[in-house]
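Hi,

Here is the structure I promised to pass on.

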Amino acid sequence: MLSDEDQIRALVQTWQSATKAGDVDTVLSLMTDDVVFLVAGRPPMHKAEFAALSRVPPGSPRPKLESAFEIQEIQVSGDMAFIWTRLSVTVTPPGTGAPIERAGHTLTVFRRVSGKWLLARDAYLLSQVQRSST
């Protein structure tokens, strides 16, 4: 059986893989029903809004998503845990859209529900990467 830390690492890896593949249902299955996302410059976002923003209309091309993360710290206490990560994300819109790059840190809280770790709160502190034109 995997340790709590290994289960959380596996959840994060599954999240990254499912997001890249556009598998919104898998991503949603990794969240609590009362999940809250805190994103700079906007009100808190809940699961329904996350789902709506993540789904691409049928027949529409999906943006290309590339991401890399490095877990800086994991702490587990009973049925709660948190991780602090360094994350970089590049989203390339379909067609001729220029890539949008963001990088920074996240602080994510997990809750064990029925024996399974799920993402409960996420503070997403990424900012746009500015490239110099040299």
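The hairpin of β5 and β6 has two residues between its strands, and Ser-114 in the turn has a positive phi of about 50°. Helices (H or I, at least four residues) and strands (E, at least two) are DSSP runs here, numbered from the N terminus. Ser-114 sits in the loop between β5 and β6 (116-128). Its phi, near 50°, is a positive value in a residue other than glycine. Most residues other than glycine have a negative phi, so that sort of value is worth a look. Ser-114 is also exposed, with a relative accessible area of 79% (buried means under 20%, exposed over 50% and partly exposed in between, with a 1.4 Å probe and protein chains only).

Before the rest, the ground rules. Residues are numbered from 1 along each chain as its sequence is written, and side-chain values use heavy atoms, with hydrogens and water left out. This is a predicted model, where local features need pLDDT of at least 70 and side-chain atom pairs count only at pLDDT 80 or more, while totals for chains, interfaces and linings use all residues.

Now the sheet. Six strands make an open sheet with mixed pairing, in the order β2-β1-β6-β5-β4-β3. Two strands count as paired if DSSP finds at least two bridges between them. At the edges are β2 (45-46) and β3, each of which pairs on one side only.

Going through the sheet from the β2 side:

- β1 and β2 run antiparallel and are joined by two bridges. Five residues lie between them in a hairpin, and Gly-41 in the turn has a positive phi of about 80°.
- β1 (residues 31-39) runs parallel to β6, with five bridges between the two. Val-36 stands opposite Arg-121 in β6, and Leu-38 has Ala-123 as its bridge partner there.
- β5 and β6 are antiparallel, over 12 bridges. Leu-107 stands opposite Ala-123 in β6.
- β4 and β5 (residues 100-113) are antiparallel too, over 12 bridges. Arg-86 has His-105 in β5 as its bridge partner.
- β3 (residues 64-77) and β4 (residues 80-92) are antiparallel, with 13 bridges. Ala-68 is partnered by Ser-88 in β4. Their hairpin has two residues between the strands, and Gly-78 takes a positive phi near 65°.

Which residues does Trp-84 touch, leaving aside its neighbours within four places in sequence? The list is Glu-70, Ile-71, Gln-72, Glu-73, His-105, Thr-106 and Leu-107 (contact means heavy atoms within 4.5 Å). Trp-84 lies in strand β4 and counts as partly exposed, at 34% relative accessibility. Its C-alpha atom is 11 Å from that of Gly-104, which is 20 residues away along the chain.

Next, the packing. Helix α1 (residues 4-21) lies across β1, β3, β4, β5 and β6, and runs at about 165° to β3. Axes are lines fitted to C-alpha atoms, for helices over the stretch in contact, and angles run from 0 to 180 degrees between N-to-C directions.

The largest nonpolar core has 22 residues, and those with the most contacts inside it are Trp-15, Met-31, Phe-37, Phe-50 and Phe-110. Such a core is a set of buried Ala, Val, Leu, Ile, Met, Phe, Trp, Tyr and Cys residues joined through side-chain atoms within 4.5 Å. The largest share, five residues, comes from α1. Phe-110 has contacts that include Ile-8, Leu-11 and Val-12, not counting residues up to four places away in sequence.

Last, the largest pocket, which holds about 1400 Å³ of space. Of its 39 lining residues, the closest to its centre are Thr-19, Phe-50, Leu-65, Val-89 and Tyr-124. α1 gives the largest share of the lining, six residues.

For your own grid work: on a 1 Å grid over the protein atoms alone, a pocket is an open set of points where a 1.4 Å probe fits, with protein on both sides within 12 Å along at least five of seven lines, and lining residues have an atom within 4 Å of a point. Points are joined across faces, edges and corners, and a volume is the space filled by probe spheres set on them.

Cheers
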